[in-house]
Amino acid sequence: MFTTVHNIPTVRATLVLVLLATVLIFLWKTYCRFIQLGNRIPGIGVWNLTTGLLNQMPKNGPHVGLLGFLMNFVNGYHGAPCRIWVLSELCVILTKPKDIEVVLGNVKIFKKSDHYAMMKRLMGQGLFTADDFGVWRRHRKIITPTLHFNILKDFVPIFFKQATKLANKIKDKDQVNIFLAVGLCTLESICNTAMGINIFAQDSEDSAFLKDFYSVLKIWHTRMTSPWFMLDLLFNLSRLKSIHDKAAERMKCFTNEILQLKKEKIGANKSELAVNNEPRSTAFLDLMIKKGKEVMSDGELKDEIITLILAGQETTATVNSFALIMLAYHQNIQQKVQEELDSIFECRENECPTFEDLQKMNYLEMVIKETLRLYPALPLIGRTLDEDLEVNNIIIPAGSSVGIFLYGTHRDPDLYPSPNDFNPDNFLPERQSKRSNYSFVPFGAGIRNCIGQKYAMIQMKTILSTIVRRYRVSPGNGCPSLDNLQVMITSSLKPRHPINLSFTPRR
């Protein structure tokens with residue numbers, strides 16, 4: 001009737017087995033529920049995906065690769081929530097504004113989806129990739145004042161200087177690879193404003209930092225366009241991991257060297273001098289160092305600097321390039337932009353724009369927004385659910401990924417008449433007022449919206465206005481017609497083939 005000393009091990013083993021069985025039953029029931037809820041959402045099953053995905057990646061048409069697959073997929077369900085099983089991972093794709101609002105407008109949905117993990121190797125706990133809410137909230141609160149309008153105003157001469165350098169470089173060229181040229185310009189602008197240094201990217205492409213920067217982006221591109229490399233196991237076995245990690249480590253070392261040099265200068269009361277001895281007091285790095293080490297550690301600061309450079313350069317370079325491409329294809333719209341700029345600058349032909357000048361560029365801003373609509377730099381953003389979520393009468397189970405397919409939203413005929421046409425009038429105030437705030441979200445929305453969107457708009461206005469004031473832009477030799485322009489998802493949205501533009505001096 002009583003348990004003897006000799007029976008105690010047996011009882012313990014029995015209890016452990018009972019506990020283990022209980023846990024396994026709970027996990028099995030939870031997983032079965034996950035599968036059942038997932039399968040109630042219309043979409044593609046594991047078998048359909050694994051046997052047919054490669055055949056469903058379009059190689060022709062305006063949208064190729066993963067982008068084309070997603071466009072065809074969501075259009076097949078008329079914009080309703082639809083799911084994709086990737087092995088045991090459930091991903092639900094949303095495109096309708098009311099569905100997007102449920103996700104991005106929910107402060108509890110904070111974590112980004114797993115495909116951002118590859119960027120975390122370099123960006124760490126920076127704002128873009130942070131998965132710790134406490135760290136993210138503290139960093140966001142600290143960084144927000146460094147992007148105040150009063151500080152952004154001081155960046156305009158920096159943007160203008162780099163835009164002028166770009167304008168001078170293209171002066172004697174018959175045609176220009178626009179993504180490469182603009183990419184170097186925006187990278188140099190961001191390094192100036194983020195770190196207060198000049199890396200001379202537009203003067204020489206032999207910069208070690210520049211080579212490492214593009215090496216990392218190229219590998220991210222490879223992983224995004226080769227789904228098997230999204231699996232860490234396969235990526236870690238490839239030579240790409242070694243190339244990526246070495247380039248990332250050199251970028252971190254370079255950033256650390258600049259950080260230590262800045263700290264020495266500021267400590268010696270020389271905070272107004274950048275590394276290249278140019279006046280600078282509002283660079284992000286300078287401002288953060290002055291706040292003191294108790295605000296951010298050196299490691300945290302390096303993560304945020306690299307995040308600003310990588311995220312900022314990719315997005316603004318993409319939009320600036322596509323904007324110039326659209327102006328080249330649409331000469332009537334380019335003419336309106338030039339007329340607006342002529343009325344603002346009058347006799348101040350090559351002068352740096354003031355902040356007030358930028359505020360008057362209403363039509364150019366509409367052009368930029370229409371470019372962002374048709375060609376959002378990040379066409380897909382992802383979130384991970386920690387709790388069940390009801391969207392459009394469908395329960396998406398906890399543990400799922402939700403993909404906000406902005407590219408599809410921005411080309412929805414229910415939101416934009418003739419959605420594939422480039423028409424800046426889509427952003428006339430009276431038209432914008434009739435649409436949901438979630439019908440146009442190129443910078444995201446809600447708690448994790450882009451902190452640098454005001455910075456981006458000022459930079460884009462400065463660079464684009466500087467180029468268009470000097471040149472008439474037109475398609476270069478070999479440039480595809482607008483109907484044959486193909487785009488795809490890489491580390492950001494890009495044309496499938498290089499695009500060359502011609503620049504003819506206006507005067």
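Two strands are said to pair if DSSP finds at least two bridges between them. Helices (H or I, at least four residues) and strands (E, at least two) are DSSP runs, numbered from the N terminus. The model is predicted, so that local features need pLDDT of at least 70 and side-chain atom pairs count only at pLDDT 80 or more, while totals for chains, interfaces and linings use all residues. Residues are numbered from 1 along each chain as its sequence is written, and side-chain values use heavy atoms, with hydrogens and water left out.

**Exercise 1. Determine the strand order of the five-stranded open sheet and identify its edges.**

Step 1. The order is β1-β2-β3-β8-β5, and the pairing is mixed.

Step 2. Strand β2 (residues 82-86) pairs with β3 in the antiparallel sense over five bridges; I84 stands opposite C91 in β3.

Step 3. Strand β3 (residues 89-94) and β8 run parallel and are joined by four bridges, with V402 of β8 as the bridge partner of V92.

Step 4. Strand β5 (residues 380-384) and β8 run antiparallel, joined by five bridges; here I404 of β8 is the bridge partner of I381.

Step 5. β1 (43-44) and β5 each have a single partner strand and stand at the edges, so one side of each is left without a neighbour in the sheet.

**Exercise 2. Explain why strand β8 is described as largely enclosed.**

Step 1. The term buried means under 20% relative accessible area, exposed means over 50%, and partly exposed lies in between (1.4 Å probe, protein chains only).

Step 2. S401, G403 and F405 point one way from β8, whereas V402 and I404 point the other way, and all are buried.

Step 3. Because five of the five residues of β8 (residues 401-405) are buried, the strand is largely enclosed by the rest of the structure.

Step 4. Helix α4 (residues 97-104) lies across β3, β5 and β8 and runs at about 130 degrees to β8. Such angles run from 0 to 180 degrees between N-to-C directions, and axes are lines fitted to C-alpha atoms, for helices over the stretch in contact.

**Exercise 3. Describe how helices α10 and α14 pack.**

Step 1. Two packed helices are described by the angle between their axes and the distance between the axes.

Step 2. For α10 (residues 208-225) and α14 (residues 298-329), the angle is about 70 degrees and the axes are 12 Å apart.

Step 3. The two helices are therefore roughly perpendicular to each other, given that angles under 35 degrees count as roughly parallel, over 145 as roughly antiparallel, 65 to 115 as roughly perpendicular and the rest as oblique.

Step 4. Contact (heavy atoms within 4.5 Å) is made by F209, F213, Y214, L217 and W220 of α10 and by I309, L310, Q313 and E314 of α14.

**Exercise 4. State whether Q338 and C450 are buried, partly exposed or exposed, and locate each residue.**

Step 1. Q338 belongs to helix α15 (residues 331-345) and is buried, with a relative accessible area of 1%.

Step 2. Apart from its neighbours within four places in sequence, Q338 is in contact with V468, Y471, R472 and R506.

Step 3. C450 lies in the loop between α19 (429-432) and α20 (453-470) and is partly exposed, with a relative accessible area of 32%.

Step 4. UniProt, in an unreviewed entry, places the feature "binding site" at C450; UniProt positions are given in the numbering used here, feature names are shortened, and annotations may be inferred rather than shown by experiment.
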